[in-house]
Amino acid sequence: MRYTTIGSGSAVPQRHRSAPCHLIHVGGRTVVVDLGPGSIWGLVRHGSVNLPDIDLLLFTHLHMDHCADLAPLLFALRSRELARTEPLLIMGPRGLQEYYRNLQAIWDHRVDPAGFDLSIDEWTGGIFSWPGCIIGAAPTSHSISNLAWRIDAEGNDDCGVVITGDGQSTDELTDLASSGDHVLVAESAAGPGELLEGHMNPAQAGELAQKCGSRKLILCHINPGAGVEAILRESMTRYDGEVIVAEDGMVVNIE
């Protein structure tokens, strides 16, 4: 399994951090979690992804800094250069189907699939198998419905990644992430020493990683002004494993 941070930032534009997007290569498959503004360019630039090769697209929630590039992706896949034939599954929280219908109302046929089957599903619980991986989810505490996603390599119990999306920890998230076989990719939109409703700060993210026994903690969703060293120091007061502050284009092999 290989994890790549496509966008390590937030809704606030930054020179070296773009909006949230995560890329996972597992079992010969390409999984993308979230598509903030500019993500389809980031996938090509940082992930060397051929957009028609995306097998599964997961959304944590429907704030625009996490989903604004869905319409541009579907529009791009209508082009002759990016023609797609394989089915595409898009899964997310409650409201995803209505969100897609609203895009259709605005953009008409430009967001309709051309030459491939498109499925828009809302997660209702449990886990499901996808070729090469096993997928699970859990709600977090955010201002709207948000799902943390867990992607495990099929047939390899020591290879997984949990991506929290936005929100503070819940019992369901702790249960989802409680094992020593995964890397935790946690948001830290609140800076060191800050409290921000519906988000975690580095200490809270570190506490979650320690409680779950995560083998590594990657902090993302970094807002402007939060210094990397300060983020690391605060998270390490609660977590005794390896901590990384994500950067756009950063690659982590999970074995």
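**A strand and its two faces**

Modeller: In a regular strand the side chains alternate between the two faces of the sheet. Buried means under 20% relative accessible area, exposed over 50%, and partly exposed in between, with a 1.4 Å probe and protein chains only. Helices (H or I, at least four residues) and strands (E, at least two) are DSSP runs numbered from the N terminus. This is a predicted model, in which local features need pLDDT of at least 70 and side-chain atom pairs count only at pLDDT 80 or more, while totals for chains, interfaces and linings use all residues. Residues are numbered from 1 along each chain as its sequence is written, and side-chain values use heavy atoms, with hydrogens and water left out.

Biologist: With which strand does β7 pair, and in which sense?

Modeller: Strands of a sheet pair through backbone hydrogen bonds, either parallel or antiparallel. Two strands count as paired if DSSP finds at least two bridges between them. Here β7 and strand β8 (residues 133-139) are antiparallel, with 4 bridges, and F128 stands opposite I135 in β8. Their hairpin has 2 residues between the strands, and G132 takes a positive phi near 95° there.

Biologist: In what order do the strands of the open sheet lie?

Modeller: The order of its 7 strands is β6-β5-β4-β3-β2-β1-β14, with mixed pairing. Each of β6 (118-122) and β14 (251-253) has a single partner strand, so these edge strands are left without a neighbour on one side. From one strand to the next the twist averages 20°. Within the sheet, β4 (residues 56-58) and β5 (residues 88-92) run parallel and are joined by 3 bridges; L58 has M91 of β5 as its bridge partner.

Biologist: Which helices lie across these strands?

Modeller: Axes are lines fitted to C-alpha atoms, for helices over the stretch in contact, and angles run from 0 to 180 degrees between N-to-C directions. Contact means heavy atoms within 4.5 Å. Helix α1 (residues 39-47) lies across β1 (2-7), β2 (21-26) and β3 (29-33), at about 135° to β1. Helix α4 (residues 96-107) lies across β5 and β6, at about 135° to β6.

Biologist: How many residues does the largest nonpolar core have?

Modeller: A nonpolar core is a set of buried Ala, Val, Leu, Ile, Met, Phe, Trp, Tyr and Cys residues joined through side-chain atoms within 4.5 Å. The largest one has 32 residues, and I24, W149 and I151 have the most contacts inside it. Strand β9 (residues 147-153) gives the largest share, 4 residues. Beyond its neighbours within four places in sequence, I151 is in contact with residues including M1, I24, L58, C133 and C159. Apart from this core lies another, of 30 residues, including C21, V32, L77 and I90.

Biologist: How many disulfides are there?

Modeller: A disulfide is a covalent bond between the sulfur atoms of two cysteines. The rule is a pair of cysteine sulfur atoms within 2.5 Å, and the count here is 0. The sulfur of C21 is 11 Å from the closest cysteine sulfur, in C220, which is too far for a bond. C159 is also in no disulfide, as the nearest cysteine sulfur, that of C133, is 11 Å away. C21 is buried at 0% relative accessibility, and C159 is buried with a relative accessible area of 2%.
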